[in-house]
Amino acid sequence: MKFKNNSEKNSIEDDLEKLLDIVIKLVSGLDNKSKVALKNLLVEIEIIYTKIIDIILPFYELNNNTIFQNEFRSRYKNYNEIFQKDLKYIDNSSSIIKTKADYLIENHVWRSDKIEKVMQVFGKKENNSKKEELLKEFEKMIYNCYSNKKTFYKISDVLLKHLNKELDDVNSTLDRGDITSARMKLQLFFEESEFSVDNIKQLLQFLKNIIDYL
């Protein structure tokens, strides 16, 4: 599976990177209540990215025939036990994130139409225009990417469902005794999906650091 539209190619990774960039610029100017609400929202985003990585990583690590032969069966069995439950959680998380975002924005006066009141939190007038821009960007990012069924969910759904089909094919190939072909099928999936597991892991660690700070 290749993402033929370049604008979608790395959107899961790009969305997280953009979100982190906005949050790190905003966080120092927030009051304590806003920080707690933001933390609750980011924890949910961390959970869905972690679930995606936890699904993919066990197979991404099977990078030679010996490891593949020794580990694929047990990892595939474990995958079959958790995949549908995790996929359902990821799919349903948009409503959870929307609820948390609504709470943050409505109860901590982050609404764009209440921006003058918001600015009382930040203090210095010279920073107001930049803070206003960041607040609007943050609100747009959350609602466009994480609280509806577009972008993040569309791409992750395609990725994970394609992985599901690919693993069935890999398992069938392994049943026929062709270890090399089975592993190469899996390797090709990761190359063609253009999903950077290592980059996502690094960004996810940075997200965890922000959550710990909050």
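Predicted model: local features only at pLDDT ≥ 70, side-chain atom pairs only at ≥ 80, totals over all residues.
Biologist: How many salt bridges turn up in a search of the whole structure?
Modeller: Nine.

Biologist: What makes the contact between lysine 25 and aspartate 21 a salt bridge?
Modeller: The N to O distance of their side chains is 3.1 Å. The cut-off is a Lys or Arg side-chain nitrogen within 4 Å of an Asp or Glu carboxyl oxygen, so the pair counts.

Biologist: And how do you know that lysine 25 and aspartate 21 are separated by about one helical turn?
Modeller: Because they are four residues apart in helix α2 (residues 11-26).

Biologist: Why is lysine 25 called partly exposed?
Modeller: Its relative accessibility is 38%. Buried needs under 20% and exposed needs over 50%, so a value in between is partly exposed. Aspartate 21, at 37%, gets that label too.

Biologist: What about glutamate 81 and lysine 77, which salt bridge distance do they have?
Modeller: Theirs is 2.9 Å, N to O. Both sit in helix α4 (residues 65-107), four residues apart, about one turn of the helix.

Biologist: What makes lysine 185 and aspartate 169 a salt bridge?
Modeller: Their closest N and O atoms are 3.3 Å apart, and the limit is 4 Å, so they qualify.

Biologist: Where in the chain do the two partners lie?
Modeller: Lysine 185 is in helix α8 (residues 179-193) and aspartate 169 in helix α7 (residues 152-175), 16 residues apart, so this pair links distant parts of the chain. Lysine 185 counts as partly exposed at 28% relative accessibility, and aspartate 169 does at 32%.

Biologist: Which residues are joined into one network?
Modeller: Glu61, Glu71 and Arg75, through salt bridges that share partners.

Biologist: On to α9. How do you know that its length agrees with what a helix should span?
Modeller: Helix α9 (residues 197-213) has 17 residues, which at 1.5 Å a residue should span 24 Å, and its end C-alpha atoms are 24 Å apart, so the two agree.

Biologist: Which residues of α9 are buried?
Modeller: Val197, Ile200, Leu203, Leu204, Leu207, Ile210 and Ile211.

Biologist: Why do you say the buried residues of α9 line one face of the helix?
Modeller: Because, seen down the axis, they fall within an arc of 135 degrees. On the other side of α9, Gln202, Asp212 and Tyr213 are exposed.

Biologist: What covers the buried residues of α9?
Modeller: The cover includes α2 and α3 (32-60).

Definitions and conventions. Residues numbered from 1 in each chain as written. Heavy atoms only, no water. Helix = DSSP H or I, 4+ residues; strand = E, 2+ residues; numbered from the N terminus. Buried < 20%, exposed > 50% of the residue type's maximum accessible area, 1.4 Å probe, protein only. Expected span 1.5 Å × (residues − 1). Arc of directions from axis to C-beta. Contact = heavy atoms within 4.5 Å.
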